[in-house]
Structure formats: structure tokens, C-alpha cells
Amino acid sequence: MDDAPAPVRSVRRPAMYLRCHPYDTRGAEYVRTAMELLAVRLGLPFPDVYADHGRSARGPLPALEDLLTAAEQGWVDVVLVPGPFVFSLDDRAAAATVARLARAGCEVVETPGRVVRPVDRDLGGVPSGLRG
């Protein structure tokens with residue numbers, strides 16, 4: 001008889017952080033879907049969503065602060081993002097946020113490749129946001 005305790009299965013606690021500025025409903029939904037598909041491909045549970053759509057990185061980002069707090073309290077250990085640019089367009093500021101998440105024990109996972117908005121075929125390949 002083996003009295004060794006059963007191994008504890010590590011359950012990942014994923015979240016996604018999204019920021020679309022200026023806010024574009026269609027683009028934001030497309031990126032959110034891409035993040036959800038990434039979670040499925042990685043075998044992760046459905047991620048919590050933190051979004052600061054319509055907010056500039058120069059101003060307050062309340063959802064990002066909530067995410068950082070959740071990570072530092074151990075509620076999140078994987079953060080899915082389309083790229084570090086969602087944290088800030090300033091590379092150093094974005095890297096500082098990634099480092100803060102890492103110090104909290106989080107893995108930041110970017111989508112492989114570039115997440116782009118789908119092209120409307122009925123308009124000759126012109127993305128809806130570029131129509132005149």
C-alpha cells in the first residue's frame with residue numbers, strides 16, 4: 001500500500017488583458033476571440049477578461065491595476081495578451097509591466113504572429129475601419 005499523497009494537479013489561472021484605443025467594437029471583439037482561441041490551444045481554462053478599451057496608456061488604466069492586484073494576490077498566473085503594447089506603447093513601460101507580472105509569478109503569453117482585423121471580402125479587401 002502506497003501512503004504517498006496524491007500529486008497536486010496544478011490548475012492554471014489565466015486572464016487576458018485587452019486595450020483598444022481608440023475603441024473599436026469590432027476590432028476589440030476580434031482580438032478577444034483570438035485570445036480565447038489561444039487559451040483553448042494552450043489547454044487553459046476560460047480566462048478572466050480585463051479590458052481598458054478606449055483608454056490611453058497615458059491615463060489611468062483601472063482594469064490593468066485590477067489585473068496586477070489579482071496577479072500579486074495569486075489569483076492569476078497566466079496573462080494572455082496580443083502583445084506587450086497593450087500595457088503601453090512605450091517599450092520600457094510595457095517591459096516594466098511584464099516584469100511586474102513576472103515578479104508576481106505570472107507568465108505573460110503573446111499571441112503567436114500578429115493579431116489583425118479580418119478583411120471584408122465584399123469590399124475588395126479593405127478593412128472596415130479603413131473605409132471612407
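Strands β3 and β4 run parallel to each other and pair over four bridges, where pairing requires that DSSP finds at least two bridges between two strands. In β4, Glu-110 is the bridge partner of Val-81. The structure described here is a predicted model, in which local features need pLDDT of at least 70, side-chain atom pairs count only at pLDDT 80 or more, and totals for chains, interfaces and linings use all residues. Residues are numbered from 1 along each chain as its sequence is written, and side-chain values use heavy atoms, with hydrogens and water left out.

The strand β3 also pairs with β1, again in the parallel sense, over three bridges, and here Ala-15 stands opposite Val-79 of β3. In a regular strand the side chains alternate between the two faces of the sheet. Both faces of β3 are covered, with Val-78 and Leu-80 buried on one side and Val-79 and Val-81 buried on the other; buried means under 20% relative accessible area, exposed over 50%, and partly exposed in between, with a 1.4 Å probe and protein chains only. Taken as a whole, the chain has three helices and four strands, arranged along the sequence as β-α-β-α-β-α-β. These elements are DSSP runs numbered from the N terminus (helices H or I, at least four residues; strands E, at least two). Of its 132 residues, 34% count as buried.

Leaving aside neighbours within four places in sequence, Leu-67 is in contact (heavy atoms within 4.5 Å) with Ala-15, Tyr-17, Tyr-50, Val-76 and Val-79.

Tyr-17 and Phe-87, both buried, form the one aromatic pair that the structure holds. Their rings are stacked, at 5.6 Å centre to centre with 15° between the planes; rings of Phe, Tyr and Trp (its six-membered ring) pair if their centres lie within 6.5 Å, and planes under 30 degrees apart count as stacked, over 60 as edge-to-face and the rest as tilted. Because Tyr-17 lies in strand β1 and Phe-87 in the loop between β3 and α3, the pair ties together parts that are 70 residues apart in sequence. Phe-87 is also touched by Thr-97, as are Leu-64 and Leu-68, not counting residues up to four places away in sequence. Thr-97 belongs to helix α3 and is buried, with a relative accessible area of 13%.

The buried residues of α1 are Gly-27, Ala-28, Val-31, Ala-34, Met-35, Glu-36, Leu-38 and Ala-39, and what covers them includes β1, β3 and β4 (107-110). After α1 comes Gly-43, whose phi is positive, near 75°.
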